[in-house]
Amino acid sequence: MPSPVMTEETLKEQYDILFDNTPCFVAVIDRDFRIIQANRKFRETFGESYGRFCYEMYKDKTERCPNCPAEAAFSTGVEHTSTQTGVDRDGRETHYVVTATPLRGAANGSVKAVMEIAIDVTRLRELEEEKLVAERLAAVGQTVAGLAHGVKNVITGLEGGLYVMKSGLKNADVEQLGKGLSMLDNNIERISHFVKEFLGFAKGRLPQTQWINPNGVARDVVELYRETAARAGIALTAEFQDFIPEAPFDPEGLHTCLANLVSNALDACAMTEKKDARVIVRTKKENDIIIFEVTDNGIGMDCEVKKKVFTNFFSTKGSGKGTGIGLLITKKIVQEHGGRVDVVSEPGQGSTFRLIFPVSRLPNPTNESCAAPRNQAAPALQDEEKAHSRC
């Protein structure tokens, strides 16, 4: 069957139908930045627009936008895409992704007009904001629940110390009195640290990144725990790869991560009776990836424990001995740097925690004026948001 002949009138009619019913904002803008044609969705959202300035319709402004995609398309002759925020005819904020395409004249090929096609992403933005609010509320809820449980344990310790101290006063037993005071002092210190740690997690902090020597932070953490390890009879050693170049990290955040891992590793070794208990801190760079590794030969973890180790306030240290917040904080800081945490562990054999940072994903230094040139950091590892734990 032969194809029907399409007349110029029929083609124009079909074009008008397609143009007007496109489910995006479509506007044709001339060199004076006046709208000479707009589809139905544009008119319904922003109002009747023929002959009016695009910035007037999109954003209720009296002058051109500083990052106008239409202006970029006119000046370069190529297509430009950007994300914009505007105001609809009812005064509501509207977010959209707009692509400005130059339309050339048939005679000399010069750009006569620009067609802007914009996709409304307002609802997506709202969902993102709702998600952020929900995550913050969840963090607050986690904090309250964790505080309630942890404070209860500390109060038990305070009550015990008070009882011992009262017994010492009643019996004029100086040794017992000193023991009670020591118990009170220890538990007051614990509750102070406990509350600060939880509030820090709930409030959060933006990474303050700067160019640092990764080995320097790791070395500081090893020195911090060297005496503690020696007193516990645990060998704490460092194996640092030479000449790891400087990279943009938050030194305080990185120090917190490594300190949490070393502290946990020492606790894992202390929970065994091994005479050769050891913790090794390693640094290395492989294929443009910086890796920090903390290995111990302590009690280790089975699959079920590994699944829970990064969940809310889970601790393997027993009642009153751990808040379960350290690894949550570590995971959060690592993800803020575009990295991930990898865990390998076997019951009775020990554990290895790796902090893995692709250099290309590290955030730009906070103070750009003092920073060496960097490529724009990629977003966090979306497919690897959860810490990796291999059974």
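In the predicted model, Asp120 counts as partly exposed, with a relative accessibility of 38%. This residue belongs to strand 5, which covers residues 111–120. Leaving aside neighbours within four places in sequence, Asp120 is in contact with Phe25, Thr94, His95 and Tyr96.

The largest share comes from helix 3, with 4 residues. By class, the lining divides into 8 nonpolar, 1 polar and 2 charged residues.

The loop between helix 3 and helix 4 (69–76) holds Asp60. Asp60 has a positive phi of about 60 degrees although it is not a glycine. Its relative accessible area is 63%, and Asp60 is therefore exposed, the cut-off for that class being over 50%. A second residue other than glycine with a positive phi is Phe243, for which the value is near 60 degrees. Phe243 lies in the loop between strand 7 (235–240) and strand 8 (247–249). With a relative accessibility of 79%, Phe243 likewise counts as exposed.

Of the 391 residues in the chain, 39% are buried. Among contacts with a separation of 6 or more, 59% are between residues 24 or more positions apart.

Two packed helix pairs share helix 8. In one of them, the axes of helix 7 (residues 214–231) and helix 8 (residues 251–270) come within 9 Å and cross at roughly 35 degrees. The crossing of helix 7 with helix 8 is right-handed. On the side of helix 7, the residues in contact are Val217, Ala218, Asp220, Val221, Leu224, Tyr225, Thr228 and Ala229, and these meet Pro251, Leu254, His255, Leu258, Ala259, Val262, Ser263 and Leu266 in helix 8. The contact of helix 7 with helix 8 comprises 12 nonpolar, 3 polar and 1 charged residues.

In the other pair, helix 8 packs with helix 10 (residues 326–336) at an angle of about 145 degrees, the axes being 9 Å apart. Helix 8 passes helix 10 in a left-handed crossing. Here Gly253, Thr256, Cys257, Asn260, Leu261 and Asn264 in helix 8 meet Gly326, Leu327, Ile329, Thr330, Ile333 and Val334 in helix 10. The contact of helix 8 with helix 10 has 6 nonpolar and 6 polar residues, and no charged residues.

Ala277 is found in the loop between helix 8 and strand 9 (278–286). Ala277 has a relative accessibility of 6% and is therefore buried, since the cut-off for that class is under 20%. Apart from residues up to four places away in sequence, Ala277 touches Gly233, Ile234, Ala235, Cys269 and Asn297. Ala277 and Ala232 are 45 residues apart in sequence, and their C-alpha atoms lie 9.4 Å apart in space.

Lys306 is located in helix 9, which covers residues 303–308. The relative accessibility of Lys306 is 3%, and Lys306 is therefore also counted as buried. The C-alpha atoms of Lys306 and Val344 are 8.7 Å apart in space, while the two residues are 38 residues apart in sequence.

Terms used: Residues are numbered from 1 along each chain as its sequence is written. This is a predicted model: local features need pLDDT of at least 70, side-chain atom pairs count only at pLDDT 80 or more; totals for chains, interfaces and linings use all residues. Side-chain values use heavy atoms; hydrogens and water are left out. Ala, Val, Leu, Ile, Met, Phe, Trp, Tyr, Cys and Pro count as nonpolar, Asp, Glu, Lys and Arg as charged, and the others, Gly among them, as polar. Axes are lines fitted to C-alpha atoms, for helices over the stretch in contact, and angles run from 0 to 180 degrees between N-to-C directions. A crossing is left-handed if the near helix is turned anticlockwise from the far one by less than a right angle, and right-handed if clockwise. Contact means heavy atoms within 4.5 Å. Buried means under 20% relative accessible area, exposed over 50%, partly exposed in between (1.4 Å probe, protein chains only).
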